[in-house]
Amino acid sequence: MAVDVPNEIISKVYDDLTPNDLYTCLYINKQWGQNAARLLWETASLNPKKANTLISLIDKPLECKGLKLPEHNPSPMFPYPYFLTKFNASDLHKTLEEWLQHEEGLQDCILPFDEWFRLRYVLAESLLNLYRKYNATVQEIMLSNNRNILYTNDEYLITAMRENFDPLFIRAQKLYVKVITGTTIKKFYDSMREHCHSLTEIIIEEEWNNNKYDEWKETIAGLIKSQPNLKKFTYTTQPYNEGRYIRKMSKILLKYASSLQSLIFKEIMFQHKKEHKNPLEYFDQFHKLEYIEFNRCMHVKGQLASPFRKGIFPNLQKVEIIQCYDSDAIKEWAEEVNM
């Protein structure tokens, strides 16, 4: 007699299993298989075998000399595309590259660069449409600085993502971006600002230079302004930054994200000059902050630390100082808050 096991118990069991073990669990029964499929296909990171499974579900013919698609499979064991919740553009790019290298019929095929580029774009667009067809709901979006994505002609993958935005990414809650460049990324931000209003966390890890910061500041401001539920913001910038950039970012956050509960600064050099106003002068207006972190920051001292005093953030519960330099005043304040 079959015994029903709560999904919570199955999830605990799966925590200790390898991907190969999860593949085996696909065939135990429907419940165990569906829970395994949910874990195996929750990200866009696929090995060639998994990519074959998804690509076999594409019902739109792909035309390319030498391309042999997997046999069409309109009735999969489970609705694999439905389980996508974490979308990593770099992972999807690598998946497509690996699949093209392993796919039978393409290994010995010599194609012009333009045809390879078009093929990658068509495959990416087809997979995104497949996710849409199965009503996948992406919760986390990651765009990294993989040069093959962000610097390839028309930035094919980000373009495909932008054109397939609604409703695939409309309910995303977390956005991680590492290095923003190019007009296509800016247009993707515009798509997020237009369609997605459910972000609760934004992580920006940038290498902005002095000439480009003001332009991207407006882009970031527009994105933050469109997110009424934003609770956590992480900001990393290197190697060239000054206190005035932090002051501008603080202004943006203060104006459009006063509901922040967690604010994290990483790898920032707070270069303060006498002619500049204190870059931290706006922080005392974040009345809902519960957590502040300075991670590997420099020159947080003297006048920079003056806004921080006990009671300035009524809801603040913890201040984290991680490998910071020249920050004795901040450390003393943190100790006082954390008592």
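1. How many bridges join β2 to strand β3 (residues 174-178)? Four, and the two strands run parallel. Strands and helices here are DSSP runs numbered from the N terminus (E, at least two residues, for strands; H or I, at least four, for helices). Two strands count as paired if DSSP finds at least two bridges between them. Leu-143 stands opposite Val-177 in β3.

2. Basis of the note. This is a predicted model, in which local features need pLDDT of at least 70 and side-chain atom pairs count only at pLDDT 80 or more, while totals for chains, interfaces and linings use all residues. Residues are numbered from 1 along each chain as its sequence is written, and side-chain values use heavy atoms, with hydrogens and water left out.

3. The sheet. It is open and has eight strands, in the order β1-β2-β3-β4-β5-β6-β7-β8, with parallel pairing. β1 (86-88) and β8 (318-322) are the edge strands, each pairing on one side only. From one strand to the next, the twist averages 5 degrees. Axes are lines fitted to C-alpha atoms, for helices over the stretch in contact; angles run from 0 to 180 degrees between N-to-C directions.

4. Other strand pairs. β1 is joined to β2 (residues 140-143) by three bridges, and the two run parallel. Phe-87 has Ile-141 in β2 as its bridge partner. Five bridges join β3 to β4 (residues 201-206), again parallel. There, Val-177 is the bridge partner of Ile-204 in β4.

5. Helix on the sheet. Helix α13 (residues 328-338) packs on the sheet and touches β7 (291-295) and β8. Contact means heavy atoms within 4.5 Å. The direction of α13 makes about 145 degrees with that of β8.

6. Aromatic pairs. The structure holds twelve. Rings of Phe, Tyr and Trp (its six-membered ring) pair if their centres lie within 6.5 Å; planes under 30 degrees apart are stacked, over 60 edge-to-face, and the rest tilted. Phe-265 and Phe-294 form a tilted pair, at 6.1 Å centre to centre and 35 degrees between the planes. This pair links distant parts of the chain: Phe-265 lies in β6 (residues 262-266) and Phe-294 in β7, 29 residues apart.

7. Second largest pocket. Its space is about 160 Å³. A volume is the space filled by probe spheres set on grid points, which are joined across faces, edges and corners. On a 1 Å grid over the protein atoms alone, a pocket is an open set of points where a 1.4 Å probe fits, with protein on both sides within 12 Å along at least five of seven lines; lining residues have an atom within 4 Å of a point. The lining includes Tyr-23, Trp-41, Met-77 and Tyr-80. Helix α4 (residues 48-55) gives the most to this lining, with three residues.

8. Backbone checks. Most residues other than glycine have a negative phi, and most peptide bonds are trans. Asn-135 is not a glycine, yet has a positive phi of about 60 degrees. Asn-135 sits in the loop between α6 (113-133) and β2. The peptide bond from Asp-166 to Pro-167 is cis, with omega near 10 degrees. Pro-167 belongs to helix α9 (residues 165-168).
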